[in-house]
Amino acid sequence: MDSPASLKWKRDLLEMEQIKEGVKRVFLETFGCQMNDNDSERILGFLKNISYIRTSEPSDADLIILNTCSVRDKAEQKVYSALGRFRELKEERPGLIVGVAGCVAQQEGQKLLKRAPYLDLVFGPHNIHKLPDLIGEISEKRARLVAVEQSASINENEYGLVSASGEKAYVSIMRGCDNFCSYCIVPYTRGREVSRESADILDEVTRLVESGVQEVTLLGQNVNSYGAGADVSFPELLRLVAGVDGIKRVRFVTSHPKDISEELIYLFGEELKLARHMHLPVQSGSDRVLKEMGRGYTASEYATKVQLIKRLYPDMAITTDIIVGFPGETEAEFEETMALLMALRFENVFSFMYSPRPLTRAASFVGQLPLDVRSERLQRLQDAQREISLARNLELVGRRVEVLVEGTSKSDGSRFSGRTSCNRIVNFPYDGINGPGAFVEVVVTEAYPNSLRGEVPQQGK
Ligand code: 5AD
Ligand code: SF4
């Protein structure tokens, strides 16, 4: 076995060889949703082609990229404070390239260069494939560049470079959103909705499976409207993806309640590789607020769909997103959201205080609520949901679940951690036979609001 000293020597040698071959380092930080995680994978794919490897140390980096989120103001402010950390590094090493990608880049464009004089590059979500050329130009001419053009069609060169390193991967099946919910900036930052061709998606899934992936999550802002202009519908696409040899589990996010079809709901009965989890953002339990949000359904229409799904598949987990303190939301309307929460007993809820966003209609609605009202409602809702999430998790104690092992637990390195088909995190002491990527039967022994604990049953039990 190598001693620590010889390992260090080998590492140094490798590093010297990489430097000789012109390898450079990129520090990449990702904020926001799974769509951004997937974009970051694609950014790394393009950078790998021009000899960049990833580093976890900004001080080692030749290139720093922040892939940003602007869905709420808090997310946007996080980006500015993260960016501030790199000012000094840039002063020490003027050759360092600092770039901002993602939704804040798209939203702010040129303004970001003014705000951060040490920034070299701003590029939006439709411009990832231009990265090698943009970096070439910056290195050659020390130019400061902004690339935020939006294109109406998908350029397949933008996809397919994702290299999976683990047992699960995201696959974008579409881009953008046409819904223009009144609070949401996404249609502006990510542009109009366009679907990828099914053949390209299947090629990507096949390649991922060949590199060891067992679970894919198909990504879109509104996957239920996949197919407008493409060759197959969303349920048909799911069947095709589940049919790829070697794939074990298929997930998808996000479904829009107004577009979810019966065909999709019934597909869960036939296609057992579909994970038993659906994320179905409701946003509010008040019909007046839902109308103002432009969501296209009432609270009872939403509840009817959820109840149908639960009746057909009692083991299906349903999670949701909720916004509290939308402009004009009265205490009674907030109580309607609380009542919906109590009635539907979601497995998990992602809840947010309403945050006015540039360009959106709701930002100029009358009745913007003060921070203390919004934050008090959020607190009440989160307290109630913690109890519900715990109760739902307790229902699983004593049950056998199948866990796809992802690695060691974040809080306890002696335990393995993975997810069930119904998307619960399960931590358990592992027998050490198989590593990440294995499917393991675990008996649930303890429940917490956000995770479960379990044991691997002994043979024969
Ligand atoms: N304020 C608060 N939450 C928002 N979301 C989207 N826009 C806003 C906003 N302006 C939430 C919605 C969405 C989730 C991704 O973020 O709940 O489903
Ligand atoms: Fe935003 Fe509504 Fe589109 Fe979701 S469906 S991304 S909330 S506009």
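Helices (H or I, at least four residues) and strands (E, at least two) are DSSP runs here, numbered from the N terminus. With that in hand, S51 sits in the loop between helix 2 (34-49) and strand 2 (52-54). S51 has a positive phi of about 65 degrees, although S51 is not a glycine.

A word on ground rules: this is a predicted model, where local features need pLDDT of at least 70 and side-chain atom pairs count only at pLDDT 80 or more, while totals for chains, interfaces and linings use all residues. Residues are numbered from 1 along each chain as its sequence is written, chains are lettered from A and ligands numbered from 1 in the order in which they are written, and side-chain values use heavy atoms, with hydrogens and water left out.

V253 and T254 are joined by a cis peptide bond, with omega at about 0 degrees. T254 belongs to the loop between strand 11 (249-253) and helix 11 (262-270). For context, most residues other than glycine have a negative phi, and most peptide bonds are trans.

Now the ligands. Around ligand 1 (a heavy atom within 4 Å) you'll find V71, R72, Y183, Q283, D321, I323, F352, M353, Y354, S355 and R357. Sorted by class, that shell holds 6 nonpolar, 2 polar and 3 charged residues; Ala, Val, Leu, Ile, Met, Phe, Trp, Tyr, Cys and Pro count as nonpolar, Asp, Glu, Lys and Arg as charged, and the others, Gly among them, as polar. Here are some N or O pairs between ligand 1 and the protein:

| Residue | Protein atom | Ligand 1 atom | Distance |
|---|---|---|---|
| R72 | polar side-chain atom | oxygen | 2.8 Å |
| Y183 | polar backbone atom | nitrogen | 3.0 Å |
| Q283 | side-chain N or O atom | oxygen | 2.7 Å |

Taken alone, ligand 1 exposes 410 Å² (Shrake-Rupley, 1.4 Å probe), and the protein buries 85% of that. The elements giving two or more residues to its shell are strand 13 (317-324) and strand 14 (348-353).

Zooming out, an automatic or database assignment gives domain 1 (22-147), domain 2 (164-272), domain 3 (276-395) and domain 4 (400-455). The C-alpha centres of domain 2 and domain 3 are 24 Å apart. In contact terms (heavy atoms within 4.5 Å), 21 residues of domain 2 meet 30 residues of domain 3. About 2200 Å² is buried between domain 2 and domain 3 (accessible area lost on being put together, 1.4 Å probe, summed over both), with carbon and sulfur atoms giving 66%.

Technical notes
Polar contact = N/O pair within 3.5 Å; in protein donor to acceptor, adjacent residues only side chain to side chain. Buried area = accessible area lost by both parts, 1.4 Å probe.
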